[in-house]
Number of protein chains: 2
Amino acid sequence: MSELKGAAIFAQSGGPTAVINASAAGVITEALKADAITHVYGSAHGVRGMLDDVIYDMSKEDARELELLTTTPSSALGSARYKLKNFEDDDTDYVKLLSLFRKYNIRYMFFNGGNDSMDTCSKVSRYLKSVDYECRVFGVPKTIDNDLWGTDHCPGYGSAAKYIVTSCMEIALDAKVYDTGMVIVIEIMGRNAGWLTAASALASYKGLGPDLIYLPELPFDVDKFLGEVDSTYKAHGNVIVAVSEGLRDANGVYVPEMNYTNLAQDSFGHTQLGGAASVLGNLVKQSMKVKVRPIEFSLLQRCAAHCASKTDVDEAFLAGQLAVKHALDGKSGYMVGFERAPGADYVMNTTLLDVNEVANKEKTVPRDWINEAGNGMKQQFIDYALPLIQGESRIATEGGLPRFAKLKKIRA
Amino acid sequence: MSELKGAAIFAQSGGPTAVINASAAGVITEALKADAITHVYGSAHGVRGMLDDVIYDMSKEDARELELLTTTPSSALGSARYKLKNFEDDDTDYVKLLSLFRKYNIRYMFFNGGNDSMDTCSKVSRYLKSVDYECRVFGVPKTIDNDLWGTDHCPGYGSAAKYIVTSCMEIALDAKVYDTGMVIVIEIMGRNAGWLTAASALASYKGLGPDLIYLPELPFDVDKFLGEVDSTYKAHGNVIVAVSEGLRDANGVYVPEMNYTNLAQDSFGHTQLGGAASVLGNLVKQSMKVKVRPIEFSLLQRCAAHCASKTDVDEAFLAGQLAVKHALDGKSGYMVGFERAPGADYVMNTTLLDVNEVANKEKTVPRDWINEAGNGMKQQFIDYALPLIQGESRIATEGGLPRFAKLKKIRA
């Protein structure tokens, strides 16, 4: 393949994770080393920066700060949720993009995100081909949801999972200190895929986790749920339940949207409502008359770099690095994926996946990794997830406080 | 002082912390070494174990597990919230206690907890004296609330503070990834004392924390709050607010109990209600029409051993150890306290405080450590709190998961 000389641009998109900046570090440091790459640019807020010409010169950043990106959570360049139209229908954005690519002579684009980002890669790649503009487009996977098709797992998942497992174990210890009963309902992210909620099973597996786990992959039955919480409470005196934010009934109605006529009312006659944990917690409280505490892991599950998986951080960096290497080798239109080698030991190989395919598919938790009762995980899941949370990534500290990367973000 | 030979009993009381077990390790290992102490017992669920004769023989525990206690959160022996009556009014419990003390020949009692625990120490100590039963009673301080009188700070506070600071910084990074505005309202524990909420200022001090901080020490004015959030939003485009769970207005009404007629209603006409963050979040949403995310640190702020302060862990262990040493030296009726040496360097000396005094006093955040506007902390607080979160305590891990102590709890 002939050498393609020109600038590279990197963008981050979708929800932040604990390791998306590790991929950024992988892309940027590798691109800065490459002779064929004349300039390394960062786009502010995903594709938005490319449309509005808000472009940073990454060569102006301190090497130390780029290194700190490896343990800095969230998206250092900013993120966006912006879906490009089909260029066949409306090419307004694409014309802007092309003009920016020409202005900076961008010949390499690295886009870090989930399904939507791969959709962007796919569209941009096809558009640039259609106008005969030579540019190698590469996807770098990222999502705590772990729902990207074709790859064994996604960078971001292992760290979110490690945070969830660790927190569940600590909560389990806390919940058991009093000799009075309690029901804890923990709400975990994942609208369509239950990978993160399932991760709480790694804590259960150590005897310090949820007694019951409900994923969005199965239709949620409130009466069955209440019965299971009740019988577990009767058996153990306290219950920890993990629920996905995306639980919905057989008709596709999400838990917070279900209209319970018997929802608990406070002293002013106001009905209490909130997310899945809050709604289900209220129902438990009302039907069982016990102490209930709903807990939401909220944003922390996706940005807790202080509890990240070393395996995840290393793989995120590698995915970024390899995207650059493959692009330099002449490849385009791919996302770096992971492929687990067979055998008991964890050996993870990388692979290349067609961004067009990744863009339009979704990977959920297989039914046969969930137990028959639909309220817990089987050993297959434990074997799958456990290697992904191995190793402790240590964030840099300064004076007892985390020291996260501070980019100068100098406009190109 | 003549040597007092007999058994020692240890109990944990009140809310769990990340380091209460470190104090347990300090007491137990020191007591096991002492010649004068014939047996080392643990009481299940605070004073309850002493009343119901649920007593564990700590000498039967593995040394390795006792060591693991140092990095195991929550109360390994179980906790309780049980207030002894005055023995002058009703000595039922005290008679039971005395009979248990005689049965096991208990001559040393170590009680680990907050104000209420010091109250227990005080009452038990005075009762035993009144019936001429020789026993040395010692309090070991513990509370994330940091509200114990007479001591510079309390074990448990530094670790909870470190978790809060770290999480605030990570949330701040996460909150700023999109270029669309958002208001995040973080609810932090502390019903009467704002020490924990104030700790979020350590994150602000690094430019990655709450823009506004409200402590329960000052009467809370909802209109002033809404005005401050609004003007900060207008200036920065997004706002992070830290609020104490204990915020109340000038009449002493807690935020969740305020009857707002204009509270946001959901699509079913249900009024949304919850804790302080949820209620205030709704008010912000309604008055400013912006995206709002309430976050509660909930139980994690008190049990996150994975993010504990090394300084705190070490001091918690020391407090337990010193209680035993002082009791062996003949002292009784004291709590181990901390006294900061003057000067820029952090030098912490220990002191002994009369449990009778500690039992009945409370320490809140001084007004002049809070800024004039009542929505942030001054440098005096930063100087006070920063040394307490220094150093990272590493939890033991096994196969990528936390490895917490597992006590056998063999009945005596």
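Reader: Is Trp195(B) buried or exposed?

Author: Trp195(B) counts as buried, with a relative accessibility of 2%. Bear in mind that this is a predicted model.

Reader: Which ring pairs with Trp195(B), and at what angle are the planes?

Author: Trp195(B) pairs with Trp369(B): the ring centres lie 6.0 Å apart and the planes stand at 85°. Planes over 60 degrees apart count as edge-to-face, so this pair is edge-to-face.

Reader: Where do Trp195(B) and Trp369(B) lie in chain B?

Author: Trp195(B) belongs to helix H7, residues 195-199 of chain B, while Trp369(B) is in the loop between helix H13 (355-359) and helix H14 (379-385). The pair therefore ties together parts that are 174 residues apart in sequence.

Reader: Over to chain A. Which residues form a cluster with Trp195(A) through ring pairs?

Author: Trp369(A), Phe381(A) and Tyr384(A) are linked with Trp195(A) in that cluster.

Reader: And which residue lies over the face of Trp195(A)?

Author: Lys363(A) does, at 5.2 Å from the ring centre.

Reader: What about Arg191(B), which ring does its charged end sit over?

Author: The ring of Tyr254(B), at 3.9 Å from the centre.

Reader: Are Phe87(A) and Tyr94(A) buried or exposed?

Author: Phe87(A) is buried, at a relative accessible area of 15%. Tyr94(A) is also buried, with 1% relative accessibility. The cut-off for buried is under 20%.

Notes. Residues are numbered from 1 along each chain as its sequence is written. Chains are lettered from A and ligands numbered from 1 in the order in which they are written. This is a predicted model: local features need pLDDT of at least 70, side-chain atom pairs count only at pLDDT 80 or more; totals for chains, interfaces and linings use all residues. Side-chain values use heavy atoms; hydrogens and water are left out. Buried means under 20% relative accessible area, exposed over 50%, partly exposed in between (1.4 Å probe, protein chains only). Rings of Phe, Tyr and Trp (its six-membered ring) pair if their centres lie within 6.5 Å; planes under 30 degrees apart count as stacked, over 60 as edge-to-face and the rest as tilted. Helices (H or I, at least four residues) and strands (E, at least two) are DSSP runs, numbered from the N terminus. A charge sits over a ring if NZ of Lys or CZ of Arg is within 6 Å of the ring centre and within 35 degrees of the ring normal.
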